[in-house]
Number of protein chains: 2
Amino acid sequence: MTDSVRIRPAAAGDAGLILSLIRELADYEHMLKDVTATEADIRATLFAAKPSAECVIAEQGGKPAGFALFFHNYSTFLGRPGLYLEDLYVKPELRGRGIGKQLLSHLARLALERGCARFEWAVLDWNEPAIRFYKGLGAQMMEAWRINRLTGKALEKLAAS
Amino acid sequence: MTDSVRIRPAAAGDAGLILSLIRELADYEHMLKDVTATEADIRATLFAAKPSAECVIAEQGGKPAGFALFFHNYSTFLGRPGLYLEDLYVKPELRGRGIGKQLLSHLARLALERGCARFEWAVLDWNEPAIRFYKGLGAQMMEAWRINRLTGKALEKLAAS
């Protein structure tokens, strides 16, 4: 039963919905305490004149079923942009119906339409079902790369150096 | 002798220089064969009305010494953009003078000025001197995350599904 799924770009009126879906995702990952985003933050960053990222909402039977949030990255070796998927979420009770795959497929089309050379996202190294699923799509795991993150006081210290 | 280093935003006239620096970086990483970008690609993607990424050039004594290429990513948990450093390169003969650190510091300031909550970049897990350097800056290694990448036929197949 995936035929009634509709994927649409999020609009400013969805800021509250997006935040609630972000919070559901964080809760599912036992990371709800790490969510500091407010509805005003979402509105200001995603629906400003120059949005920081884009969001699509999946609906089934007219009700929110999940979302994907993405932005464009860039490959210097290819001299072309890529599409980076930051978050993909489908409500637990609606999983197994292919909604996640439909969101991925939607973004893959968008990536090609926009001239992107790559479609990328991060996965936790212990999430074997997800890794198997992504491998089945033909995705390559960038085994040797690790993200470094600078925040807070350390970021301020580097900026002041 | 880092006092004569100047960091400036790249302009359209730098497309050839940027490509030559990208090629130097790739050659240094034994990945020159993976560079397919042309000067026209760089111009079209970095200096269009809606650029895919931004670039700064480091100069010493008026000559190019290195570059940094970056774009903005986004954190849904924080509801704020981040700054992602895709490439950092200093010419081998000019290393050890703090030019790389000056590029990082420049980007950290830019990140804060633009309201970014994070400054992130990738490092190869075997590059221990780099890892130590980044750790010294206070960066956190995201140990458990792996990037998945979909390109070419696999990307087209997902888009068509």
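## A walk through the two chains

Start by selecting A:His30: it is exposed, with a relative accessible area of 72%, where over 50% is enough to count as such. Keep in mind that you're looking at a predicted model. A:His30 sits in the loop between helix H1 (15-28) and helix H2 (39-46) of chain A. Check its backbone while you're there: phi is near 55 degrees, a positive value in a residue that isn't glycine. Most residues other than glycine have a negative phi.

Now hop over to B:His30. You'll find B:His30 in the loop between helix H1 (15-28) and helix H2 (39-46) of chain B. Its phi is near 55 degrees, again positive without being a glycine, and B:His30 counts as exposed at 74% relative accessibility.

Next, go inside. Which residues have the most contacts inside the largest nonpolar core? Select A:Ile42, A:Phe67, B:Ile42 and B:Phe67; the core they belong to has 48 residues. Zoom in on A:Ile42 and skip its neighbours within four places in sequence: its contacts include A:Ala15, A:Ile18, A:Leu19, A:Ile22, A:Ala37 and A:Phe47, and from the other chain B:Tyr74 and B:Gly79.

Switch to cartoon view for the sheet. Seven strands make up an open sheet with mixed pairing, in the order S1(B)-S2(B)-S3(B)-S4(B)-S5(B)-S7(A)-S6(B); note the strand from chain A in that list. At the edges are strand S1 (5-9) and strand S6 (140-142) of chain B, each pairing on one side only. On average, neighbouring strands here are turned by 30 degrees against each other, direction ignored.

Stay on this sheet and colour helix H3 (residues 99-113) of chain B. Helix H3 packs on the sheet, touching S1, strand S2 (54-60), S3, S4 and strand S5 (118-124) of chain B, and its direction makes about 165 degrees with that of S4(B). Then pick out strand S3 (residues 63-75) and strand S4 (residues 80-90) of chain B, an antiparallel pair with 10 bridges. To see one of these up close, select B:His72, whose bridge partner in S4(B) is B:Leu83.

Last stop: strand S7 (residues 145-151) of chain B. Five of its seven residues are buried, so S7(B) is largely enclosed by the rest of the structure. Strand S5 (residues 118-124) of chain A runs antiparallel to S7(B), joined by seven bridges, while strand S6 (residues 140-142) of chain A pairs with S7(B) in the antiparallel sense over three bridges. Finish on B:Asn148: it is the bridge partner of A:Trp121, and A:Met141 stands opposite B:Asn148 too.

Technical notes
Residues numbered from 1 in each chain as written. Chains lettered and ligands numbered in written order. Predicted model: local features only at pLDDT ≥ 70, side-chain atom pairs only at ≥ 80, totals over all residues. Heavy atoms only, no water. Core = buried A, V, L, I, M, F, W, Y, C linked by side-chain atoms within 4.5 Å. Buried < 20%, exposed > 50% of the residue type's maximum accessible area, 1.4 Å probe, protein only. Contact = heavy atoms within 4.5 Å. Pairing = 2+ DSSP bridges. Helix = DSSP H or I, 4+ residues; strand = E, 2+ residues; numbered from the N terminus. Axes fitted to C-alpha atoms, helices over the stretch in contact; angles between N-to-C directions.
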